[in-house]
Amino acid sequence: MRYIVRAIKYFFTLAIVLCLIVLVMVKLKLVNGDINTMFIHGYDSLWQMALIVAAFAAVYPAVGYGKRSVAAPGSDEEIRPVLDDVMETHGYRIEKEDQEMVRFVKRSTVVRAMKMWEDVIRVSRKIDGYEFEGRTKDVVRVVSAFEAKISRAD
């Protein structure tokens, strides 16, 4: 279900950005405001662009989100402060916590809005360490910092 919601969010966001770009080009008189002269295929181009945006929006959640596992020897009492410190340093706060998972979100509402409220990083405790799940770009940053801090603590 999350995948479909993300794809829909990306579709509308990309469509709005595309419309804004065209609007700016028309306002700056870089292109004629008539759709039939603006695009080679006229109004048929709108459907073609919508299909391209839909295809990208359908694929991006599979590529842009993922999981990473980190081997973290030690007890929760030793490792958890390191995790909390890394997340705090990267601008995250705890949104929800239970026995199996901690859910972190960005502190800044502006950043959350820019990321379409898809800024969540879920951290689950596994037998040999932790599993991070979220936007690939953010997870890679956090995992790299977490691994570096763990290796310095050893």
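The questions and answers below concern a predicted model of one protein chain.

Reader: In what order do the elements of the protein chain run from the N terminus on?

Author: The protein chain has six helices and five strands. From the N terminus on, these elements run α-α-α-β-α-β-β-α-β-β-α.

Reader: What radius of gyration does the protein chain have, and what does the globule rule give for 154 residues?

Author: The C-alpha trace of the protein chain spans about 65 × 30 × 25 Å along its principal axes. The chain is more spread out than a compact globule, because the globule rule gives 15 Å for 154 residues and the radius of gyration is well over that, at 21 Å.

Reader: What share of the residues in the protein chain is buried?

Author: A residue counts as buried when its relative accessible area is under 20%. The protein chain exposes about 10,000 Å², with carbon and sulfur atoms supplying 63% of it. Of its 154 residues, the buried ones make up 31%.

Reader: How are the rings of Phe56 and Tyr60 arranged: stacked or edge-to-face?

Author: Phe56 and Tyr60 lie four residues apart in helix α3 (residues 44-64), so about one helical turn separates them. Their ring centres are 5.9 Å apart and the planes make an angle of 25°. Planes under 30 degrees apart count as stacked, so the arrangement of Phe56 and Tyr60 is stacked.

Reader: Which residues do ring pairs link into a cluster with Phe56 and Tyr60?

Author: A search of the whole structure finds six aromatic pairs. Phe56 is partly exposed at 46% relative accessibility, and Tyr60 is partly exposed at 24%. Ring pairs link Phe56 and Tyr60 into a cluster with Tyr10 and Tyr65.

Reader: Is Lys29, with its positive phi, buried or exposed?

Author: Lys29 is not a glycine, yet its phi is positive, at about 60°. Lys29 sits in the loop between α1 (2-27) and α2 (35-38). Its relative accessibility is 74%, and over 50% counts as exposed, so Lys29 is exposed.

Reader: Is Met116, which also is not a glycine, buried or exposed?

Author: Met116 has a positive phi of about 55° and is placed in the loop between α5 (109-114) and β4 (121-126). With a relative accessible area of 13%, under the 20% cut-off, Met116 is buried.

Reader: How far apart are the mean positions of the positive and negative charges of the protein chain?

Author: The protein chain carries 23 positive and 20 negative charges.

Definitions and conventions. Residues are numbered from 1 along each chain as its sequence is written. This is a predicted model: local features need pLDDT of at least 70, side-chain atom pairs count only at pLDDT 80 or more; totals for chains, interfaces and linings use all residues. Side-chain values use heavy atoms; hydrogens and water are left out. Helices (H or I, at least four residues) and strands (E, at least two) are DSSP runs, numbered from the N terminus. The radius of gyration is taken over C-alpha atoms; the globule rule is 2.2 Å times the number of residues to the power 0.38. Buried means under 20% relative accessible area, exposed over 50%, partly exposed in between (1.4 Å probe, protein chains only). Accessible areas come from the Shrake-Rupley method with a 1.4 Å probe; for residues, only the protein chains shown count as cover. Lys and Arg count as positive and Asp and Glu as negative; His and the chain ends are not counted. The place of a charge is taken as NZ of Lys, CZ of Arg, CG of Asp or CD of Glu. Rings of Phe, Tyr and Trp (its six-membered ring) pair if their centres lie within 6.5 Å; planes under 30 degrees apart count as stacked, over 60 as edge-to-face and the rest as tilted.
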